[in-house]
Amino acid sequence: MTATANLDQPSADRAGTGDTPLLEVRDLVVHHGQLLALDSISLRVFPGEVYAMIGANGAGKSTLLRTIAGLHQPTTGSILLDGSDVTTLRPERRARQGIVLVPEGRRLFESLTVEENLQVGASYARQGPWTIERVYELFDWMRGRRHQRAAQLSGGEQQTVAIGRALVANPRALLLDELSLGLAPVVVQRLYGALPQILATGVTVLLVEQDVSQALRVASRLQCLLEGRTTLEGRPADVTAEQVEAAYFGLAGAAVSQPGEGSESSWPG
Amino acid sequence: MAWVNAIIQGVLTGGLYALFACGLSLMFGVMKVVNLAHGDLAVIGGYIAVFVITAIHVPVLWSFVIVVPVMALIGYGLQRTLIQGALERGVLTTLIVTLGLSLVIENALLQFFTANSRGIGAGMTLVTGSFTIGSIQLAYLLVTIFVVAVVVLLGLQYFLSRSKYGRLIRATADDREAVQLAGADYRHVFGIAAALAIGTVALGGIAYGMYSVLDPTAGTDTILLFAFAAVVIGGLGSLWGTLLGGVVLGVAQQIGAQINISDEVLAGFIVFLAVLVLRPQGLTSRRTQS
Amino acid sequence: MSLVAEPATRPAADFRVTRSRRSVAWTGAGALVVVVLLALFPYIVYSGTTTILVQAFIVLTLASMWNLLAGYAGLVSVGQQAFVGLGAYFVLILALHGASPFTALPIAAIACGVAAVPLWWLVSRLRSGYFAIATWVLAATIMLFIERFSSIGGGTGLPLPGLSGLGPTLLAAYTYWAALAVTVVALLAVYLLLRSRLGLVLTAIRDDEVAARSSGARVGLARMLVFVVAGIGCGAAGAILAISQLQVQPSAVFDVQWTAEMAFATIIGGLGTIEGPIIGTAVYMLLQQTLASYNAWYLIILGLVAIVVALFARRGLWGLVDSRLSFRLFPVGYWLRNPVGPAGLAAPLTPADGGN
């Protein structure tokens, strides 16, 4: 009674280099103090994919991204970038190697201008196609406002600058945390509308979304978290709305477990 | 006329106080660190200057070429070791560690160099001479120090606004986690800020050694509190605010001295306290409470 | 990870909430013995020793006050020397008007408490870093203000009158007993304070200020009371200082070094425990006595030790002992004791005073 894709088989969604995932998380266990936030989470993101993590508030999605980015240390488990273990690397080292997080709540440098925010993002940039100029081409309103202080922008504009700040570092894995939070739907549409151009430059995306329909629209594969555990994994085409709803809310009869999950603690427990 | 003279003297002294204060403003603004050893580090800078002048015969006016880089390195080292460790453990630990550092520095200076005071450049025309405009007598030294302070502030301003590390320092002050996400090690950025702070305060120490005399306790007796006064009065977060704060402090002191010669320092502290109580964010800050 | 499956089957009345694992009467008796012994010292030791002990008592009183401020009320003051100086000067002023310094002592202490109120008003809204600097500036300002008055000695100070009638041995003894009395009262006051409801409020503030506020605790009032009490304590210590020095000099009594000494003694001994300042003072006196001939060295070592302790042994020396022994000389927390003992429902819980 599972609705998972068989991860061992290559799918048409995965562009690029075959079987090596760009980003892999193995049995990640994360605590906040004594509270268990993530209970043995695993995932694999292949180059060129858009992998979405969905789930209700507090499910652990942002904790997952923050742990992958290095801002939080897991209790056990490992994180691999292109096969090499980065679990013990400090966050700035991971960023320099290509794991770049656009954090929840934008977190722009408020006393800096738009352009200075981008310049900081490019401080330790890898080689690649993204430059500040290219970000201005992608988001054309930005060029004219680039000397404005970041604090004076609207929420949607700030989110765009935050994405731009991450892009100029030329990430390999771009982590997007709750892009849609606090923004009007039309703004969110515009943000996600830029995704294809970002993907076209070879960036892989792992995103976290509370808005399930938005996630289903853009993702090549997705995983649903509930109270720190995986309740669903697969391709949008392979899962029904009922399955997603059940996994999101943890209703009885929900699809539980996926290949690799061995722990047998019963839900909601 | 004596009042005009007093005000002008006060303004010029503000330059010296700005030199004391700009490093403190940087460290407090960027790292939220109250470095109680700030003044003592200035005194060390002054003592090193005395050493290179007397032992290696470096010309007085070039002593800073050696002192400032050495103190900047010391600042970086202190930050990466002691102060970073204290930062991570909270405000109380930072105060204790920097207070301990202050105690150690002062008593080490006392132990190895005795309590005798030392001056720098005594006898030089720059230090003793002055020129007159109308009936105002302007000391060469004070004018020079003021000019140096302005130059230093301009340099710091330029560095902070135009250079990569300047931007990183400002960004880290805003959000040190987000700066890590951009690939920067914020501890290194803090170190650079501390290097700037201690390098400039060492310059202030040399200036103080010329303007007055250096002794082991000058750091806490005079320099630290005047530096804080300038920062608080001027307003945190603004380098030019420290110059304004220094000027206000200097003017307050000179006006106090006009009223009663021994009330010079007291007048300055009263203004300091008034600002702390009535407008703690300082004169230039736009925020309501820091 | 299962929760407790069944409700407790034992009636709640069987559980007792006690103040300590052992009866506090033993500690009280022990303390009384120590105090009586100390009180006999002038009869059994040379006055050189009692003079050193007077110094120790001053530091202990100061450290207990700083501990109260920083360890329990979260107020890191670098300006307590203001009260040390004020205490000394109140004694001087009263003595200049004919009072005996020993009679003046309690009055001076109370006066410092009164002075603490407007001073608190000046600094209370400031947060940590600003608060610390403000207290230092206040102390410096008070000193400069006092130095304006030549009637009390101006910048150079005055000898303390009113004690010339006593012979040196008697004077030393009286000074010693006064210092002992001040210290005992100070420690007792801190102990009782922390056991009172105010103490509960303070512990709540220390653990989580926002929660404390929202549960109705009068945080501001609690902090002010602590500030006033610390003012009284430091003032009393300053009064003893004046008596033991037989003179009052502004640069000596208002020296920021007093704050450094009381802060470091507290930190080294252990912040947030009553026993900590006692241990810290012992370490301080040890350093001072063994290194006294080396001039400034004991202060250098003191500073270094304080730095090391603050960075690596945050709970101080007493904290290192305490975590191994679960032992408190001065119990101010609570234990939950169940009638069955270790074989029963649950082992005795850890002390509910912040677990520090």
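How many residues of chain B are in contact with chain C, and how many residues of chain C take part? In this predicted model, 35 residues of chain B are in contact with 37 residues of chain C.

Sorted by class, the side of chain B that touches chain C has 26 nonpolar, seven polar and two charged residues.

Elsewhere in chain B, helix H7 (residues 164–174) packs with helix H9 (residues 186–211) at an angle of about 110 degrees, their axes being 10 Å apart. Angles of 65 to 115 degrees count as roughly perpendicular, and H7(B) and H9(B) are therefore roughly perpendicular to each other. H7(B) contributes Tyr165(B), Leu168(B), Ile169(B) and Thr172(B) to the contact, while H9(B) contributes Tyr186(B), Val189(B), Phe190(B), Ile192(B) and Ala193(B). This contact of H7(B) with H9(B) has eight nonpolar residues, one polar residue and no charged residues.

Chain A holds an open sheet of four strands in the order S2-S1-S4-S5, with antiparallel pairing. Strand S2 (35–45) and strand S5 (84–85) of chain A stand at the edges and have a single partner strand each, so one side of each is left without a neighbour in the sheet. Strand S1 (residues 23–32) of chain A runs antiparallel to strand S4 (residues 76–81) of chain A, and five bridges join them. Glu24(A) stands opposite Leu80(A) in S4(A).

Methods. Residues are numbered from 1 along each chain as its sequence is written. Chains are lettered from A and ligands numbered from 1 in the order in which they are written. This is a predicted model: local features need pLDDT of at least 70, side-chain atom pairs count only at pLDDT 80 or more; totals for chains, interfaces and linings use all residues. Two residues are in contact if their C-beta atoms, placed from the backbone, lie within 7 Å. Ala, Val, Leu, Ile, Met, Phe, Trp, Tyr, Cys and Pro count as nonpolar, Asp, Glu, Lys and Arg as charged, and the others, Gly among them, as polar. Two strands pair if DSSP finds at least two bridges between them. Helices (H or I, at least four residues) and strands (E, at least two) are DSSP runs, numbered from the N terminus. Axes are lines fitted to C-alpha atoms, for helices over the stretch in contact, and angles run from 0 to 180 degrees between N-to-C directions. Angles under 35 degrees count as roughly parallel, over 145 as roughly antiparallel, 65 to 115 as roughly perpendicular and the rest as oblique.
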